[in-house]
Amino acid sequence: MRATNLTAESLTNPLGLGVACPHLAWVDEDGISQSACQVVCEDENGATLWDTGREESASMQLDWPGEPLASRQHVTWRVRVWDEKGVAGAWSEPAGIEVGLLSPDDWSARWISGDYDVPTQRVGALGNFKQMIAAMHPAQPDQVVTEPILEGRYPADCFRRAFDVAAGLVRARLYITACGLYEARIDGEKVGGFCMAPGHTDYRKRVQYQAYDVTEALAAGGHELTVQLADGWYRGSCGAWGLLNQYGTQTKLLAQLELTYADGIVESVETGPDWQWSNDGPILFADNKDGEIVDATRMPSYSGHARATHHDVVPTASNNVPVTMHERFSPAPGKTPNGRLLYDLGQNIAGWVELDFDAHGGQHVLLRCGEMLDENGNLTLKNIQCTREGFATPLQQVEYVCREGHNHYRTTFCVFGFRYVEVETDAQLGAGSLTAIALYSDMAQTGSFESSNELLNRFFDATVWSTKGNSLDVPTDCPTRERHGWSGDAQIFFETFSYLFDCRTFERKWLHDLFDWQKRDGKLPQVAPAGGVDSYMRFLDGSVGWADAGILIPYRYWKHYGDASVLSEFYDGMRRYAEFMVARCGKTGPFAPRVRLSRENRRYLVNMGQSYGEWAEPEDVHKMDWKDTVAPHPEVATAYTAYVLGCMAQIAAELGRAEDEERYRAYSEGCRRAYQELSQLPEYTLDTDRQARLVRPLVFGLLDESQTDFARERLVRACENYGWRLGTGFLSTPLIMDVLASYDLDAAYRLLENEQMPGWLFMPKMGATTVWESWEGTQAQGGIASLNHYSKGAVCAWLFRVMCGIEPDGERHFTVAPRPGGHFSHARAAYQSSCGRVESGWVRTDGGWRFSVTVPSNASATVVLPDGSRYEVAAGTHEFSCTIRSQED
Ligand code: RAM
């Protein structure tokens with residue numbers, strides 16, 4: 001038996017880790033169970049720092065047993081394990097851990113900026129308000145300007161510092177970050193794989209730095225470190241309206257290159273006013289969403305000097321995976337009816353565009369990237385752009401002026417969501433000239449699924465691609481229009497995310513973003529990191545279903561990964577949010593609908609605070625009006641308060657906080673009773689065709705017995721009345737399958753297999769390669785709807801957890817309870833869990849089903865078959881079968 005996949009703080013060989021006592025974990029291979037383990041840690045010279053010795057333990061995790069690590073300390077560690085027969089396996093490959101800069105004193109570099117003046121005021125709420133008013137007067141198509149607005153924008157800064165490296169260099173590390181986006185090069189070669197660095201946070205509260213090992217690039221002799229700095233999220237477009245200056249007005253850079261020599265001498269090359277600077281390089285304009293203007297004939301002069309500046313936040317490590325380049329697409333171009341070159345990737349992605357071609361100096365290339373073609377077959381951005389007079393965003397375009405000879409260009413400081421690239425040029429571009437590159441946080445894909453229904457397989461693939469397209473350091477709603485870290489979307493999608501990808505570090509980083517926003521009264525936001533939200537939307541912060549992410553994500557993280565450390569890490573913030581929820585109980589806010597409840601239950605009714613409610617049900621089910629975002633939604637809010645506080649009570653119990661547990665359980669129970677009474681009022685009756693109204697109380701267990709029976713039967717009828725199409729909105733779409741499957745599996749499969757609109761399979765049937773925001777896709781109301789919004793893909797958790805039945809359940813244990821049905825002849829899911837790969841598949845046979853379950857080494861599973869039979873199994877592959885009982889049995 002061997003230990004593999006060694007991780008520290010869930011990261012493989014982390015460099016620049018911000019944790020002094022990292023949590024260690026591994027995965028066993030080739031054996032049934034681990035009877036003992038030994039973990040050894042060594043310093044850079046091979047001296048043992050600690051050695052656990054042989055310990056009788058089945059655990060594949062270890063809390064750091066040694067002295068806390070110091071800044072910059074580099075260690076390696078190895079594991080060996082003994083199997084169930086007591087036979088020792090070979091030592092694992094060594095894994096590395098290098099700590100970053102833990103203390104503010106570790107930074108001797110100074111923040112620098114370009115040598116030019118900018119306004120000191122950020123655009124405040126008033127500016128946002130003006131944009132919103134303007135947006136209410138949409139422009140005629142011919143009034144919309146599709147050029148970037150250059151006023152108030154600046155070219156990329158170019159910094160340079162020359163330095164010498166003496167003989168005997170043993171180690172070189174570049175610690176670097178920016179308010180803005182940076183790209184660093186040593187002697188012209190890009191440093192490290194992190195793209196769109198330093199990533200997205202609320203830079204006023206948290207700035208994350210990266211650490212790069214640059215030893216190999218630094219032979220003895222003269223070198224130069226150059227850095228380009230652009231607006232990024234910091235002062236470039238944020239949100240649907242492309243609001244500027246959301247975090248500050250002056251971009252800044254901080255870099256510290258540490259050179260360690262064999263004799264122990266350490267030299268440091270640090271940003272400061274001695275750095276050369278100019279902003280006359282090739283990048284004349286760069287914006288995250290609108291794109292770049294690049295003149296390849298230009299070279300930076302570095303004729304000036306940087307200005308020293310300051311930033312009040314000490315940079316910290318993100319302890320997260322980097323954003324890196326992934327799949328590449330290099331299609332041959334076709335022609336559009338309007339005579340332009342059109343590259344169709346065949347896949348909607350979020351990422352970069354790269355060009356490789358020969359041209360004459362001064363020739364032009366104009367690229368535009370979008371998700372769809374119009375009715376004539378020309379590219380259109382109408383589904384993702386917000387437009388008003390003189391303004392459209394995002395533009396997703398690049399204007400490029402060629403240099404003489406070979407041209408190589410890759411977008412640097414922008415990301416686009418696109419399937420198509422349309423090109424206008426007087427140069428010669430052909431097959432192989434253009435490559436599109438998917439860009440996303442470098443998480444390992446952990447889930448795969450395949451079944452006899454080709455449309456469902458394609459929907460699954462579309463969900464995987466939408467996850468990639470919405471994971472750029474922050475989980476977003478879409479990679480085009482808003483690109484916001486919408487808390488509701490993240491909350492809804494978390495479970496599916498955690499089957500599809502190892503999202504542990506990614507989600508934890510985002511939880512910091514979420515709690516960085518938290519207000520004094522405990523309120524949590526609809527969007528994190530803050531920035532780019534229209535002023536009128538601010539009242540919707542704290543919305544149930546959205547802000548609840550602050551409790552629901554740690555809760556689900558704990559359940560899914562069996563890791564309670566996430567609860568203790570965020571407990572204070574979670575508790576403050578729970579108190580914010582408690583404070584709303586029994587209150588009536590402006591525009592609140594009248595709800596008459598008994599005195600006792602009134603204390604728990606949540607009828608205040610603006611919220612999104614169910615949000616975006618099909619129009620013929622519920623037509624939204626202004627009240628939907630202005631007035632409280634007592635039904636949704638009371639239900640979510642009951643559910644979320646119930647989760648909070650479980651969390652408090654896990655952490656041994658008995659008083660909190662009791663308090664939140666009492667409130668949860670009170671809200672539940674209030675909900676039961678509310679459901680008896682004519683306005684909130686359970687006798688409804690609105691599926692969401694029935695799904696919500698059923699999935700959260702809010703009803704009494706007779707109400708439950710009624711609602712169950714009524715939900716099936718509601719589905720029937722709607723032709724087995726989905727009538728749910730944003731919040732209940734991911735939940736309806738669980739509800740139906742809990743008492744009527746046939747009904748669940750009927751809904752899943754329906755190919756009509758609104759329905760999941762309608763999307764792949766119409767050729768979708770990512771999940772749509774609107775059920776209507778390209779035909780959405782008003783033409784505005786992104787084609788890459790992962791929220792509706794949240795049903796995929798059901799394919800793992802119920803259809804194939806894989807559910808992580810405690811440390812090294814799974815429940816595997818597959819539930820075949822519908823017209824499927826087979827289905828199979830595999831999940832690379834934190835303790836190894838678990839698989840479950842089934843095939844229809846003549847009289848029933850055959851099942852295959854694979855349990856990873858050093859784990860066990862309880863297999864529950866549809867006929868009720870149960871088996872306790874150890875590591876290995878196990879086959880089972882059961883017959884289908886006839887109706888009379
Ligand atoms: C939309 C976003 C997001 C949703 C909010 C309420 O504009 O794209 O998906 O959470 O609104």
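Guide: Let us take residues 445-802, where the chain is 51% helix and 1% strand and the end C-alpha atoms are 20 Å apart. Helices (H or I, at least four residues) and strands (E, at least two) are DSSP runs, numbered from the N terminus. The stretch carries a name in UniProt, whose unreviewed entry lists "domain: Alpha-L-rhamnosidase six-hairpin glycosidase" for residues 445-802; UniProt positions follow the numbering used here, feature names are shortened, and annotations may be inferred rather than shown by experiment.

Before going further, please keep in mind that this is a predicted model, in which local features need pLDDT of at least 70 and side-chain atom pairs count only at pLDDT 80 or more, while totals for chains, interfaces and linings use all residues. Residues are numbered from 1 along each chain as its sequence is written, and side-chain values use heavy atoms, with hydrogens and water left out.

Buried means under 20% relative accessible area, exposed means over 50%, and partly exposed is in between, with a 1.4 Å probe and protein chains only. The buried residues of H12 are Gln691, Ala692, Arg693, Leu694, Val695, Arg696, Pro697 and Leu698, and they pack against four helices, namely H10 (634-654), H11 (658-678), H13 (705-721) and H14 (736-743). Just after H12, the chain passes through glycine 701, which takes a positive phi of about 60°.

Threonine 641 counts as buried because its relative accessibility is 0%. Not counting residues up to four places away in sequence, threonine 641 touches Val544, Met581, Cys585, Val606 and Cys671, where contact means heavy atoms within 4.5 Å. For a sense of scale, threonine 641 and aspartate 744 are 103 residues apart along the chain, and their C-alpha atoms are separated by 27 Å.

A nonpolar core is a set of buried Ala, Val, Leu, Ile, Met, Phe, Trp, Tyr and Cys residues joined through side-chain atoms within 4.5 Å. The largest such core has 172 residues, and those with the most contacts inside it are Trp26, Trp77, Leu752, Trp760, Trp798 and Met803. The largest share of this core, 12 residues, comes from H10. Apart from this core lies another one, of 95 residues, which includes Ala211, Val227, Tyr234 and Trp275. Returning to tryptophan 798, and leaving aside its neighbours within four places in sequence, one finds it in contact with Met737, Asp738, Ala741, Leu745, Ala748, Tyr749, Leu752 and Met803.

The loops hold some details of the backbone. Most residues other than glycine have a negative phi, and most peptide bonds are trans. Aspartate 473 has a positive phi of about 65° although it is not a glycine; it is found in the loop between helix H3 (454-469) and helix H4 (487-500), and its relative accessibility of 1% is why it counts as buried. The peptide bond from alanine 528 to proline 529 is cis, with omega near -5°, and proline 529 lies in the loop between helix H5 (504-517) and helix H6 (549-561). Another cis peptide bond joins methionine 757 and proline 758, with omega about -5°, and here the proline sits in the loop between helix H15 (745-753) and helix H16 (762-765).

A cavity is a set of points, on a 1 Å grid over the protein atoms alone, where a 1.4 Å probe fits but cannot get out, and its lining residues have an atom within 4 Å of a point. Grid points are joined across faces, edges and corners, and a volume is the space filled by probe spheres set on the points. The largest cavity has a volume of about 150 Å³, and of the 14 residues that line it, the closest to its centre are Trp233, Leu472, Thr476, Pro479 and Arg483. By class, this lining has eight nonpolar, five polar and one charged residues, where Ala, Val, Leu, Ile, Met, Phe, Trp, Tyr, Cys and Pro count as nonpolar, Asp, Glu, Lys and Arg as charged, and the others, Gly among them, as polar.

Conventions
1 Å grid on protein atoms, 1.4 Å probe; cavity = no way out; pocket = protein on both sides within 12 Å on 5 of 7 lines; lining within 4 Å.
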